[in-house]
Amino acid sequence: MSAVAARATPLLEVQGVSVRFGALLALQRVSLEIHPGEILAIIGPNGAGKTTLLNVISGFYHPYEGRILFQGRDRTRLRPPEVAALGIARTFQNVALFKGMSVLDNIMTGRLLKMRSHFLLDALWVGPAKREELRHRAVVERIIDFLEIEAIRKTPAGRLPYGLQKRVELARALAAEPTLLLLDEPMAGMSVEEKEDMCRFILDVNQEFGTTIALIEHDMSVVMDISDRVVVLDYGRKIAEGPPARVRTDPAVIDAYLGVPHA
Amino acid sequence: MSSALAAALAPLADIAASPRFFLEVLIGGVAAGLLYSLVALGFVLIFKASGVFNFAQGVMVLFAALTLVGLMERGVPVGAALVLTAATMVVLAVGIERVVLRPLVNQPPIILFMATIGLTFFLEGFGEMLWGSNVKKLDVGIPDESFQVAGILVNKLELSAAVTAGVLVAVLAVFFHGTRIGRALRAVADDHEAALSIGIPLRTIWVIVWSVAGLVAIVAGIMWGAKSGVQFSLSLIALKALPVLILGGFTSVPGAIVGGLIIGTGEKVAEVYWGPLVGGAIENWFAYVVALAFLLVRPQGLFGEKIIERV
């Protein structure tokens, strides 16, 4: 019963979304659903429109046709801060950390939306603001423990090796306690061990916090291991969708990856 | 050689001989320095929040002073004129955000810098069109005369300028070092996209800092305009703020203040005591030489964040 209900109301619906950059159609009438509690992988060759799709969902781009519904309501025209306020957090392909700030401060920025007192009052109203700061600090410390980055909490983010920067970016996204977490190539450029750690963290986040996750990933073994469902994009179109085992044997997907000429 | 050295050191003896006069020179320097600080502060605020070096800061000072004087010439009482000028600067900030900054989000800093150069010429022309280009006298009701405290001459106008600047700086320090807005500002300065993704309303932050920079420009415009008249050269004090920024660091509010004081007092002392040795006009280049020396030793300034760039 509850499983049926969950199927009936997706957390996020992308309905016939098209995005155009000048003459280039980056997305052509793409539709997909993200169900509560699942890990959805979005895959496809380079230039397939994966990051564009993520940017549309998080409000950085607006589609020229189609709609985006979050929890059943139209969110198509929202801007990034408004999307963030809905409980959608994201990471970026090329790591967008605040490089001059410490790891701890970076993660604390993820709490900004959770802070109740108005930020103008905050400067003057020391007492309550201080207490609130301490409460948020406790949440952040839990995330730091969870992602095993205690040792680097005071280090400026810009000085960290790439793999750790990716982990800190995940921590900042988690600090917002999102309902939906969008990860743009969370494992790109990582060593095998770092990838294993990251896989474990993603699965733990999904299971322990019940966070719904949509991720873009190139490493097929990772995709097969951790995702519940896979959506495949090629040249801005959705060419396949389904459980990983079925998608990997889909002839259209194999063609897209092996580069069969498009007729 | 030794006689040259003796000549160079001779002014030190003058300082020791008349400490009271030296103090008066210092006070004059502090007053000028605080005004440099105010202009530098406008730069720092915008630079911190948007990573933009706002070339138009000097012209904003001129524009604010022109608006104030223009309103007063048309018979608006001082208080109302001040409020209207402040409102104009806020409207200007909203306009700049809409027309200049918003379309240029995520562009490289050099593009935004170029945009502020354009803004400079626009504001200059627009200000002259509205209020005319002749030199105007700004009378804020404080006479430009001196009185004695414990035998030391103090200029009333300079004193009130110094006090106002001091108060403003303290208010701003409290405003921007409250934990959250400070963090949000640094976040915005560091990475626009990331700041947006964690829910920082970039546009609101920009309007706030440009408004505050505009209000700071009003104060600087009044203080400077009351001393030397409101005219185009007012916008050139922005050039004096540059060495202050290099000294104090582009990202530091306290740096702007300390830098301003060092430059202000330094150039006054150098001018009065060492000026005659080289035929004067030290005041015009002293600040730049100090800044150059600083760039060699400490490029991030006294209080600036150390620049870490991985290559």
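Domain 1 of chain A and domain 2 of chain A bury about 1,200 Å² between them, 73% of it on carbon and sulfur atoms; buried area here is the accessible area (1.4 Å probe) that two parts lose on being put together, summed over both. This is a predicted model, in which local features need pLDDT of at least 70 and side-chain atom pairs count only at pLDDT 80 or more, while totals for chains, interfaces and linings use all residues. Residues are numbered from 1 along each chain as its sequence is written, chains are lettered from A in the order in which they are written, and side-chain values use heavy atoms, with hydrogens and water left out.

Domain 1 of chain A covers 1–87 + 181–263, and domain 2 covers 95–177; such bounds come from an automatic or database domain assignment. The contact (heavy atoms within 4.5 Å) takes 19 residues from domain 1 of chain A and 12 residues from domain 2 of chain A. On the domain 1 side, Leu181(A), Met198(A) and Phe201(A) lose the most area to domain 2 of chain A, together 34% of what that side buries. The rule finds two salt bridges across this interface, a salt bridge being a side-chain nitrogen of Lys or Arg within 4 Å of a carboxyl oxygen of Asp or Glu. On the side of domain 1 of chain A that touches domain 2 of chain A, helix 8 of chain A gives the largest share, eight residues. Helices (H or I, at least four residues) and strands (E, at least two) are DSSP runs, numbered from the N terminus.

Ser18(A) is found in strand 1 (residues 12–21) of chain A. With a relative accessible area of 2%, Ser18(A) is buried; buried means under 20% relative accessible area, exposed over 50%, and partly exposed in between (1.4 Å probe, protein chains only). The side chain of Ser18(A) reaches the backbone nitrogen of Arg29(A) at 3.0 Å, and a polar contact of 2.8 Å joins the side chains of Ser18(A) and Glu65(A). A polar contact is a pair of N or O atoms within 3.5 Å; within protein, one must be able to donate a hydrogen and the other to accept it, and residues adjacent in sequence count only if both atoms are side-chain atoms.

In chain B, the largest nonpolar core has 90 residues, and those with the most contacts inside it include Met60(B), Met89(B) and Trp210(B). A nonpolar core is a set of buried Ala, Val, Leu, Ile, Met, Phe, Trp, Tyr and Cys residues joined through side-chain atoms within 4.5 Å. Helix 9 (residues 202–228) of chain B supplies the largest share of this core, 16 residues. Gly214(B) lies in helix 9 of chain B and counts as buried at 0% relative accessibility. Leaving aside neighbours within four places in sequence, Gly214(B) is in contact with Met60(B) and Met89(B). The C-alpha atoms of Gly214(B) and Ala86(B), 128 residues apart along the chain, are separated by 7.7 Å.

The structure holds 16 salt bridges over all chains. Lys240(B) forms one with Glu267(B), the closest N and O atoms being 3.5 Å apart. Lys240(B) lies in helix 10 (residues 237–248) of chain B and Glu267(B) in helix 11 (residues 253–278) of chain B, so the pair ties together parts that are 27 residues apart in sequence. Lys240(B) counts as buried at 15% relative accessibility, and Glu267(B) counts as buried at 0%.
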